[in-house]
Amino acid sequence: MRKIYLFDTTLRDGEQSPGVNLNTQEKVEIALQLEKLAMDRIEAGFPAASPGDLAAVDAVARAVKNATIVGLARSREQDIDAAREALKNAQDPCLHLFLATSPIHRKHKLRMEKEQVLETAEAAIRYAKKYFSKIEFSPEDGGRTELDFLCQVVEMAVKNGVSVVNIPDTVGYLTPYEYGNIFKTVKETVPGIEKIQLSAHCHDDLGMATANALAAILNGADQVEGTINGIGERAGNTALEEVAMALATRQDFYQANTGLVLTEIARTSRLVSRLTGMPVPGNKAIVGANAFAHESGIHQDGVLKEKTTYEIISPQTIGLKDSKLVMGKHSGRHAFREKLIDLGYDLGEEQLNIAFAKFKELADKKKEVSEEDILALIEEKLTSVTEAFVLEEIQVSYGNHSVPVAAVRIRTEEGDVVVETASGNGSVDSIYKAIDKATREEVQLTDYSIKAVTDGKDALGEVHVVLVQNGISVQGRGVSTDILEASARAYVDAINRLLDRRKTVGEGRTDKIQLI
Ligand code: KIV
Ligand code: ZN
């Protein structure tokens, strides 16, 4: 059985998803969960992008002990120096150098001839070799590079002693056949190729990211790069949970496996979704809410008779629990704490008290509180963003023949209480206008979605919003048995994230990394 190494870039390529901005604490939290998942390599960021990015990579490098920590760098000395600084405390550091090689990038972006590209990359690798024993080199847009030139670039990288060569399908353009063929050709023709590992890095613009990564494995790739939940630039990256489960489920075919602790997949997916604010679509493979749901009568009948009729993976494999029904209003603090530990949350006293109070409030409204309810509740409370504004009260007057009016009471970080009212085009619009007045923030709402956490009329509603202000885009999430309250909470959460984000941009952190 071949071992396939997994290289997670949730904190770098994943963070390039529109509207996603993780602070250092959130990056460390995700990295520690990736360590529990037994991820081989974690790309923590792009240190040269800004002092904030450098600090975040440094924090991840100090926190994680059992994975290689990777820092991205353009083929320039100052980028390599920034990565050296950021990775100096890593147990096992790796530099990820890249330079575009395709004709389109050479002509329009770099304005370099082939020779110059080779020389620039070689000089960067040589410089980096003085400081790093592990280097990965990526010919960016390798998928659209002339195959003979790509082989020349790979040969140069091998000769100069890199450990890994990654061949990215940067724009998600290739078919599995074409992408697999690149790996086959490189393997067969580049002298010394057996000394290094080959890596696949795919984007999902044509929905091929996982298929292409698997094609690369079949043609000799030793490593696959990707993100949790497939988040990333544009349509996203290869979803690593999909690759891990494809290999685990079809070992008979691939004859390869990863070292992931599969039972940590569901938890990692939830964490990434919560901290990035990016909901996982219900029909997403492996980690979507419907991935194990059987709706049609024929399927349900089959599964009841024999699970394997329609189920190729058991939900327990990725760490989902069997019993969903848990607690009610008579459940005590101790049992609640035990349940949280069982769900992977060992909270400190203060957070536990807040979560327990929320749970009691919910148990008064809902007869049965499920695991999903508890997770939705506590995950809303576990924010690492300073709460500059806390929503204390909301009132809405609505009638289908009258103009809706909302009043909100908001407490500021300084302890002031602000009460504002507003009317608008519907209840949610009125609430949002009242919050705008109370917080004195002018924002644009670019996305709003709502979903029920569980079944039933008394289900918790979870609202997700995206707000934009001066080019900065942030996400927010709110949960309540009342969807208007959930809407207000999501909006206030997003405004708090916006203020947090403004601080980091002010500290010199770029809003989005430029890979040029
Ligand atoms: O997609 C891409 O080409 C990248 C490189 C920086 C490896 O993310
Ligand atoms: Zn990429």
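This dialogue walks through several features of a predicted model.

Visitor: How is a pair of aromatic rings described?

Guide: A pair of aromatic rings is described by the distance of the centres and the angle of the planes. The structure holds 7 aromatic pairs. In one of them, Y127 and Y131 are edge-to-face, with 5.3 Å centre to centre and 65 degrees between the planes.

Visitor: Are Y127 and Y131 buried or exposed, or in between?

Guide: Y127 counts as buried because its relative accessibility is 11%, under the 20% cut-off. Y131 has a relative accessible area of 37% and is partly exposed.

Visitor: What kind of pair do the rings of Y432 and Y491 form?

Guide: Their centres are 3.9 Å apart and their planes are at 15 degrees, so the pair is stacked. Y432 lies in helix α16 (residues 427-439) and Y491 in helix α17, so this contact ties together parts that are 59 residues apart in sequence. Y432 is buried, with a relative accessible area of 5%, and Y491 is buried at 2% relative accessibility.

Visitor: Which residues form an aromatic cluster?

Guide: F336, F356 and F359 form one aromatic cluster.

Visitor: Which charged group sits over the ring of Y131?

Guide: The charged end of R84 does, 3.5 Å from the ring centre. Elsewhere, K3 lies over the face of Y5, at 4.8 Å from the ring centre.

Visitor: With which residue does R84 form a salt bridge?

Guide: The side chain of R84 meets that of D81 in a salt bridge, at 3.1 Å from N to O. The two are 3 residues apart in helix α3 (residues 77-87), so about one helical turn separates them. R84 is partly exposed at 31% relative accessibility, and D81 is partly exposed with a relative accessible area of 30%.

Visitor: How many salt bridges are there?

Guide: A salt bridge here needs a side-chain nitrogen of Lys or Arg within 4 Å of a carboxyl oxygen of Asp or Glu. By this rule the count comes to 35 salt bridges. Among them is R74 with D79, whose closest N and O atoms are 2.7 Å apart; both R74 and D79 are buried.

Visitor: Where in the chain are K134 and D92?

Guide: The side chains of K134 and D92 meet in a salt bridge of 2.9 Å, N to O. K134 is in the loop between α5 (114-129) and β6 (135-140), while D92 is in the loop between α3 and β5 (93-100); the pair links distant parts of the chain, 42 residues apart. K134 is partly exposed at 28% relative accessibility, as is D92 at 25%.

Visitor: What are the protein donors of the zinc ion (ligand 2)?

Guide: They are D13 (OD), H201 (NE2) and H203 (NE2), lying 2.0 to 2.1 Å from the zinc ion. Along the chain these donors follow the spacing D-x187-H-x1-H. D13 lies in the loop between β2 (5-8) and α1 (24-36) and H201 in strand β8 (residues 197-202), so the pair ties together parts that are 188 residues apart in sequence. Both D13 and H201 are buried.

Visitor: Which residues form a nonpolar patch on the surface?

Guide: L445, Y448, I450 and I483 form one, with about 330 Å² of accessible area together. Strand β16 (residues 444-452) gives the most to the patch, with 3 residues. I483 is placed in helix α17 (residues 483-506) and is partly exposed at 47% relative accessibility.

Key:
Residues numbered from 1 in each chain as written. Chains lettered and ligands numbered in written order. Predicted model: local features only at pLDDT ≥ 70, side-chain atom pairs only at ≥ 80, totals over all residues. Heavy atoms only, no water. Patch = residues over 30% accessible without salt bridge, like charges linked within 9 Å, V, L, I, M, F, W, Y side chains within 5 Å. Areas by Shrake-Rupley, 256 points an atom, 1.4 Å probe, with all protein chains shown as cover. Helix = DSSP H or I, 4+ residues; strand = E, 2+ residues; numbered from the N terminus. Buried < 20%, exposed > 50% of the residue type's maximum accessible area, 1.4 Å probe, protein only. Phe/Tyr/Trp six-rings, centres within 6.5 Å; stacked < 30°, edge-to-face > 60°. Lys NZ or Arg CZ within 6 Å of the ring centre and 35° of its normal. Donors = N, O, S within 2.8 Å, 3.2 Å for Na, K, Ca; no water.
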